[in-house]
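Work through these exercises with the sequence and the model open. Try each task before you read its solution.

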Amino acid sequence: MANFKRHWLWAGLAALLSGCAAPGAVDSGTPLTSTRESLPAAAPADTSAFSPEMYREANARLDELAQRIRRDPDAVPFAEFWSAYLQSSYLLTAVDDRESFQAEMDRLAADENNDCSAMDWELWSARSFLELEPHLAAQECYQYLGETELARQHENAVQYILRGVLGSGDGQSIDTAYEIALLDHAGEILHLAGYQVRDSVLQPVVGGIGLVYVVTAEDPDTGVQREVFFENERAINVLLGATYPFAGVGGNYVEQIVRPLAESATPSAQIGLGRLLEDSGEAELAAQQFLNATGAGSETAEFRLGILALTGKLASLSQAEGVDFLMSAAQKGSANAMVGLAFTYRQGLGVEPNEELFEQFMAAADQRLEPGRAWMLLSTYFFSERWDASLHQGIPYVRRAAEEGFLPAQLLILQSELKQGWQDADLEALLPRLQPIAEAGDTGARVAYARRVLTASSPQSAARIALANTFLDAALAVHSDAAYALQGDLRWGERDFPGAEKAYWQAMSDSAGQLGMAKLHQQQRLPGADPELAVLWYMMCATAGDSECLYQMGKLFLSGEGVDPNPELARTAFSEAAQKGHRQALLELEKGSLRQ
């Protein structure tokens with residue numbers, strides 16, 4: 001992960017954020033905390049203003065939908081129920097309701113009669129409809145009591161929840177993360193899907209304006225490990241009293257969620273905060289967060305701490321001690337740590353180089369990961385600037401990963417051989433090689449193929465257009481943010497601006513979607529277009545390092561459109577965009593008014 005600390009950008013928008021209602025984030029001086037691996041709040045930002053009466057109609061609407069679902073799980077689209085849930089008070093009380101239900105279950109277990117009929121299952125399942133445990137327990141009790149119809153209704157609810165969450169993405173990346181309400185739901189869903197949860201990380205992304213929950217899960221039958229991505233930013237925005245998706249603006253996700261959870265000894269948050277600190281160059285502070293999480297037995301924390309120590313940047317830990325942490329994580333079964341140890345013995349970091357141990361650790365990792373992934377992970381060590389290693393040393397490992405069928409490796413090789421980005425590469429050289437990777441199921445390749453064909457300036461064959469649309473539909477089916485961003489661009493080209501806005505709203509983790517929303521507001525393409533919202537959207541994708549967004553931010557700081565004029569910040573934005581190859585930004589820097 002790159003270092004995305006762009007303090008100049010936040011500083012230039014401080015006045016805007018303090019007066020703009022769109023972000024709506026609460027005062028970072030009053031963090032919302034919880035000791036659970038769940039959303040860190042069970043009440044709205046201003047708890048004194050909360051009253052169930054405020055949500056009477058919204059709750060009634062949700063209850064009515066829930067009853068329909070229990071009778072027929074196909075009766076209500078999940079998107080409709082999810083929207084109603086976010087508008088109800090049930091999200092705001094979700095953590096308290098979960099804890100109260102668990103207390104009732106503990107009392108039932110302690111009752112020598114263990115009379116499940118004494119539980120008010122209808123009450124608990126209504127208050128926590130998106131929770132799996134109340135439905136599963138109710139189903140089991142009703143089956144025991146012979147109430148088959150009621151048992152079937154709760155079975156319907158379970159199937160509806162699983163189908164809805166698992167249909168919100170494919171969990172393979174941030175781009176296609178599953179959407180959930182509480183982080184606890186991730187483990188429950190994976191358990192019902194047959195996986196064992198090994199570890200988890202609550203990871204700030206893009207400098208903290210995004211947040212993702214990454215679970216390391218293992219198939220108990222095969223022993224294969226995978227990372228599964230979840231996100232709950234819509235729910236977090238509601239809890240923080242913010243307008244989606246701006247809750248993360250200005251570091252609120254970090255200061256109001258991740259840091260307070262880390263301080264309350266939540267391992268996933270400690271690891272996430274540690275990684276953010278590490279990316280910001282604060283190695284010792286990062287090491288302390290990782291060390292705190294190792295106390296809870298986190299193999300991921302041991303792995304991260306071991307790798308950090310191997311860089312030689314820690315006064316508190318030697319490289320040899322880093323190897324010890326990696327060895328401990330590997331003994332727990334961490335495939336990532338095994339790859340790290342393979343690199344350690346290949347390069348001789350804190351140990352004597354040992355080719356035999358290198359091969360043994362790679363073989364062990366290879367057995368625990370999908371084909372090719374271990375070799376791809378190994379290659380990333382050689383591509384990192386942390387190590388005294390040659391970039392060329394990593395290329396053979398990428399090729400081996402590709403040969404074993406790892407699609408991201410095949411995509412990387414193609415891009416490196418073309419020596420250009422997807423949008424700049426020659427169409428006829430790109431598409432025949434990109435097509436088989438897309439046909440094999442890689443979502444990134446599918447979107448790249450579709451974008452090049454469907455936005456091409458030259459006429460394309462009907463067969464090629466049909467294939468591009470097939471790839472786009474497949475990417476949309478797993479709710480790829482990049483695919484929605486492309487759909488928004490296509491709607492824009494048709495001058496269907498409401499359709500473009502609808503698509504961009506589904507692309508919140510993708511800089512192209514954020515750029516599209518910014519332009520809709522800046523160019524007054526929407527009835528409620530707002531220059532200040534344009535600034536916020538540009539800021540989000542500029543923080544991600546998008547060169548066009550940085551260039552546009554420079555123009556806004558120069559003109560004062562939607563933000564106070566600031567030539568110094570304009571120069572900084574143009575400079576960063578120019579470093580990424582943006583030609584117009586370079587021309588702006590060459591103008592006399594912006595020269596140093």
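Phe497 is buried, with a relative accessible area of 10%; buried means under 20%, exposed over 50% and partly exposed in between, with a 1.4 Å probe and protein chains only. This is a predicted model, in which local features need pLDDT of at least 70, side-chain atom pairs count only at pLDDT 80 or more, and totals for chains, interfaces and linings use all residues. Residues are numbered from 1 along each chain as its sequence is written, and side-chain values use heavy atoms, without hydrogens and water.

**Exercise 1. Classify the aromatic pair Trp492 and Phe497.**

Step 1. Take the rule: rings of Phe, Tyr and Trp (its six-membered ring) pair if their centres lie within 6.5 Å. Planes under 30 degrees apart count as stacked, over 60 as edge-to-face, and the rest as tilted.

Step 2. Apply it. The centres of Trp492 and Phe497 are 5.4 Å apart, with 85° between the planes. The pair is edge-to-face.

Step 3. Count by this rule: there are 23 aromatic pairs.

**Exercise 2. Classify the pair Tyr551 and Phe574, then say which parts it ties together.**

Step 1. The ring centres of Tyr551 and Phe574 are 5.8 Å apart and the planes make 45°, so the pair is tilted.

Step 2. Place the residues. Tyr551 sits in helix α28 (residues 547-559) and Phe574 in helix α29 (residues 567-579). Helices (H or I, at least four residues) and strands (E, at least two) are DSSP runs, numbered from the N terminus.

Step 3. The pair therefore ties together parts that are 23 residues apart in sequence. Both Tyr551 and Phe574 are buried.

**Exercise 3. Locate Gly169 and find what it is in contact with.**

Step 1. Gly169 lies in the loop between α8 (148-166) and β1 (178-179).

Step 2. Its relative accessibility is 8%, so Gly169 counts as buried.

Step 3. Leave aside neighbours within four places in sequence. Gly169 is then in contact (heavy atoms within 4.5 Å) with Thr176, Ala177, Tyr178, Val478 and His479.

**Exercise 4. Give the strand order of the open sheet and name its edge strands.**

Step 1. Four strands run in the order β1-β4-β3-β2, with mixed pairing. Two strands pair if DSSP finds at least two bridges between them.

Step 2. The edge strands are β1 and β2 (196-205), each pairing on one side only.

Step 3. Strands β3 (residues 210-218) and β4 (residues 225-231) pair in the antiparallel sense over six bridges. Val214 stands opposite Phe229 in β4.
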